[in-house]
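Please look at the structure shown below and keep it in view while reading.

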Amino acid sequence: MNIVRAAAAVIQRHDGFLLMAQRPPGRGWSGWWEFPGGKIEINESPFEALQRELQEEINISANDATLWFERSYIYPDKKVYIYFFKVTNWTGQITSCENQLLDWQDPSSVSVSPILPTNLFVLKSILLPPIYAITNIEEMGETLFFERLKIKLEEGLKMIQIRENNLPYQDLKKIAKKILDLAKPYQAKVLINENENLALDIGADGVHYPSHRLIKLKDRPAFSICGASCHNIKELMIAQNLNISFAVFSPVQKTESHPLAELIGWELFSECTNKLDIPIYALGGLNQASLKKSWQSGGHGIAMKTAIWK
């Protein structure tokens with residue numbers, strides 16, 4: 001099978017808008033919108049290809065291109081690997097050099113279409129942080145947990161799931177409200193595990209649904225952010241078809257809490273994530289160093305319940 005490697009630039013302005021380009025007449029997928037970039041030539045690194053394509057297509061050089069994630073797509077005649085780079089600073093005036101239309105788009109309300117299927121994942125992922133923290137108060141105790149939470153928020157943590165299922169409702173509500181109040185000044189999102197009434201009661205940002213709840217959903221819940229726990233490709237597809245905001249796929253590696261659970265492993269994680277457009281967090285036996293592996297495997301990021309609070 002023919003293998004094609006490409007580099008793409010997710011160029012983001014200070015206001016969060018992304019630059020998209022429409023493929024010009026005469027090219028494959030003419031009229032479709034995509035992120036600037038192109039094929040990696042022989043003996044060329046992804047970064048070198050990115051810089052060359054940006055110069056040729058829109059007359060700029062990236063000053064801070066950071067490799068974000070890698071995705072692979074299989075077609076009847078070829079397999080395509082795409083290296084997506086984040087670019088927030090560049091030199092030169094953005095100009096259409098190949099008769100292509102250019103437009104800045106708000107990723108939360110994209111107005112151009114059609115969009116190349118290989119680019120849909122980016123538009124969903126850009127709205128989510130790479131790290132998803134899960135509370136662990138039952139094991140840590142309240143005092144230590146809130147000390148660590150404050151530190152992590154100051155370090156940039158942007159999304160937290162409150163999962164303390166053994167607490168009575170009023171105790172859980174009190175803790176959840178305290179977490180929400182701490183998170184707001186940092187613009188960090190707070191999701192409640194499964195309990196929709198609690199989420200509505202305290203004004204949480206969303207709800208995270210365990211897999212047994214996910215498979216019973218008929219429509220996407222009305223919360224602005226909806227997460228879902230998944231353990232196989234079938235559940236991931238359900239989450240995507242419901243337009244769930246993101247999925248957490250686990251367990252990728254062995255964990256102390258579920259030592260006998262059947263592991264997914266990075267190979268299967270990559271196989272599943274690259275078949276879908278929904279952003280997927282890896283979970284299970286991971287730490288901060290696992291983030292790069294998730295990106296290399298086509299994932300959006302990592303979720304942690306234990307290592308995040310150390």
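The text that follows goes through the sheets, the cores and some individual residues in turn.

This is a predicted model, in which local features need pLDDT of at least 70 and side-chain atom pairs count only at pLDDT 80 or more, while totals for chains, interfaces and linings use all residues. Residues are numbered from 1 along each chain as its sequence is written, and side-chain values use heavy atoms, with hydrogens and water left out.

Some terms are needed at the outset. Helices (H or I, at least four residues) and strands (E, at least two) are DSSP runs, numbered from the N terminus. Two strands pair if DSSP finds at least two bridges between them.

We begin with an open sheet of four strands, whose order is E4-E1-E7-E6 and whose pairing is mixed. Strand E4 (37-39) and strand E6 (66-74) are at the edges and have a single partner strand each, so one side of each lacks a neighbour in the sheet. On average, and with direction ignored, neighbouring strands of this sheet are turned by 15 degrees against each other; here axes are lines fitted to C-alpha atoms, for helices over the stretch in contact, and angles run from 0 to 180 degrees between N-to-C directions. Strand E1 (residues 2-11) and E4 run antiparallel and are joined by three bridges. In this pair, alanine 6 stands opposite lysine 39 of E4.

Helix H1 (residues 46-58) touches E1, E4 and strand E7 (78-87), and its direction makes about 65 degrees with that of E1. Helix H2 (residues 117-125) touches E1, E6 and E7, and its direction makes about 140 degrees with that of E6.

Another open sheet has three strands in the order E3-E2-E9, with antiparallel pairing. Its edge strands, E3 and E9, each pair on one side only. Strands E2 and E9 are joined by four bridges, and leucine 18 has glutamine 105 in E9 as its bridge partner.

Strand E10 (residues 131-134) is joined to E11 by two bridges, and the two run parallel; alanine 133 has isoleucine 160 in E11 as its bridge partner. Strand E12 (residues 189-193) also pairs with E11 in the parallel sense, over four bridges, and there isoleucine 160 stands opposite valine 190. Both faces of strand E11 (residues 159-162) are covered, with Met159 and Gln161 buried on one side and Ile160 and Ile162 buried on the other. Buried means under 20% relative accessible area, exposed over 50%, and partly exposed in between (1.4 Å probe, protein chains only). Together, E11, H5 and E12 make a right-handed β-α-β unit; a crossover is right-handed if, with the strands pointing away from the viewer, the path from the first strand over the helix to the second runs clockwise.

Which residues have the most contacts inside the largest nonpolar core? In this core of 53 residues, they are Leu149 and Ile179. A nonpolar core is a set of buried Ala, Val, Leu, Ile, Met, Phe, Trp, Tyr and Cys residues joined through side-chain atoms within 4.5 Å. Helix H5 (residues 169-183) supplies the largest share of this core, six residues. Apart from this core lies another, of 19 residues, among them Val4, Phe69, Ile115 and Val122.

Histidine 300 lies in the loop between helix H10 (291-296) and strand E17 (301-304). Histidine 300 counts as buried because its relative accessibility is 1%. Its side chain is joined to that of serine 125 by a polar contact of 3.3 Å. A polar contact is a pair of N or O atoms within 3.5 Å; within protein, one must be able to donate a hydrogen and the other to accept it, and residues adjacent in sequence count only if both atoms are side-chain atoms.

Finally, the backbone deserves attention. Most residues other than glycine have a negative phi, and most peptide bonds are trans. Tryptophan 29, however, has a positive phi of about 60 degrees, and is partly exposed, with a relative accessible area of 45%. Asparagine 43 has a positive phi near 65 degrees and counts as exposed at 80% relative accessibility. The peptide bond from serine 113 to proline 114 is cis, with omega near -5 degrees, and the bond from serine 250 to proline 251 is cis, with omega near -5 degrees.

Definitions and conventions: Contact = heavy atoms within 4.5 Å.
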